[in-house]
Amino acid sequence: LLIGASMYPLLATTAKMKDRMSPDAPRTLDGQRFMQSAIYFDQGGEMDLGLDYAGIRWVQEQVQGSPVILEGNTPEYRWGSRYTIYTGLPGVVGWNWHQRQQRGGVAPADWVTDRIGEINLFYTSPDVDQALNILRKYQVRYFVLGQLERNYYPGPGLDKFAAAEGIYWQAVFQNEGTIIYQVLDNPPLAHSD
């Protein structure tokens with residue numbers, strides 16, 4: 001038993017060192033540097049995490065205060081909530097199960113699932129008014145349209161972001177896979193008189 005137990009740290013450490021998201025990632029204490037060289041697969045699509053890394057670094061360096069971020073939601077143990085995780089800024093919803101565990105006694109049971117539904121609606125509905133209502137409801141200042149959102153919410157709902165840019169929101173960061181939009185101050189509803 002003692003021999004078996006003493007072998008575990010040697011064998012497990014070696015196996016864990018080989019189990020890396022990116023074999024080319026630098027050996028560093030900077031927990032986000034792996035993104036620069038990592039490719040991630042989800043929802044049938046490939047994501048170059050270096051594109052998110054650039055966006056996350058932009059938020060870390062440029063965004064002041066604690067504005068709310070809206071980004072795509074995924075099942076647990078996937079790439080979702082990456083901007084809120086790596087910037088520390090609040091999001092509309094964090095990790096589904098974690099949020100339900102932490103708020104079980106103080107929030108209604110559907111509090112988290114309703115928010116996830118509204119994130120899904122935000123990205124899938126082509127209706128700009130619905131998107132604006134969600135942004136207002138959660139006091140969102142920035143939202144992300146990256147590879148993850150394109151993989152999870154494909155379709156015409158994403159077209160509204162480019163179509164309404166400059167009216168309701170403005171791209172403040174962009175690379176070949178990621179756009180971060182800043183919500184403009186007090187935009188009118190699209191169909192208001």
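Helices (H or I, at least four residues) and strands (E, at least two) are DSSP runs, numbered from the N terminus. This is a predicted model, in which local features need pLDDT of at least 70 and side-chain atom pairs count only at pLDDT 80 or more, while totals for chains, interfaces and linings use all residues. Residues are numbered from 1 along each chain as its sequence is written, and side-chain values use heavy atoms, with hydrogens and water left out.

**Exercise 1. Describe the packing of helix 5 and helix 6.**

Step 1. Read the values: helix 5 (residues 111-124) and helix 6 (residues 128-137) pack at about 140 degrees, with axes 9 Å apart.
Step 2. Classify. Angles under 35 degrees count as roughly parallel, over 145 as roughly antiparallel, 65 to 115 as roughly perpendicular and the rest as oblique. Helix 5 and helix 6 are therefore oblique to each other.
Step 3. List the contact: helix 5 uses Glu118, Leu121 and Phe122, and helix 6 uses Gln130, Ala131, Ile134, Leu135 and Lys137.
Step 4. Sort by type (Ala, Val, Leu, Ile, Met, Phe, Trp, Tyr, Cys and Pro are nonpolar; Asp, Glu, Lys and Arg charged; the others, Gly among them, polar). The contact has five nonpolar residues, one polar and two charged.

**Exercise 2. Locate the largest nonpolar core and follow Phe143.**

Step 1. Define the core: buried Ala, Val, Leu, Ile, Met, Phe, Trp, Tyr and Cys residues joined through side-chain atoms within 4.5 Å.
Step 2. Take its size: the largest core has 49 residues, and Leu70, Phe122, Phe143, Phe161 and Trp169 have the most contacts inside it.
Step 3. Find suppliers: elements giving at least two residues each include helix 2 (49-62), strand 4 (140-145) and strand 5 (169-174).
Step 4. Leave out neighbours within four places in sequence: Phe143 then contacts Leu70, Phe122, Leu135, Phe161, Trp169, Ile179, Ile180, Tyr181 and Val183.

**Exercise 3. Is Arg82 buried or exposed, and what does it contact?**

Step 1. Check accessibility: at 1%, Arg82 counts as buried.
Step 2. Beyond four places in sequence, its contacts are Asp52, Ile56, Glu71, Gly72, Val144, Gly146, Leu148 and Glu149.

**Exercise 4. Examine the positive phi of Ser81 and of Gln139.**

Step 1. Recall the background: most residues other than glycine have a negative phi.
Step 2. Ser81 has a phi of about 60 degrees, in the loop between strand 3 and helix 3. At 6% relative accessibility, Ser81 is buried.
Step 3. Gln139 has a phi of about 55 degrees, in the loop between helix 6 and strand 4. With 65% relative accessible area, Gln139 is exposed.

Key:
Axes fitted to C-alpha atoms, helices over the stretch in contact; angles between N-to-C directions. Contact = heavy atoms within 4.5 Å. Buried < 20%, exposed > 50% of the residue type's maximum accessible area, 1.4 Å probe, protein only.
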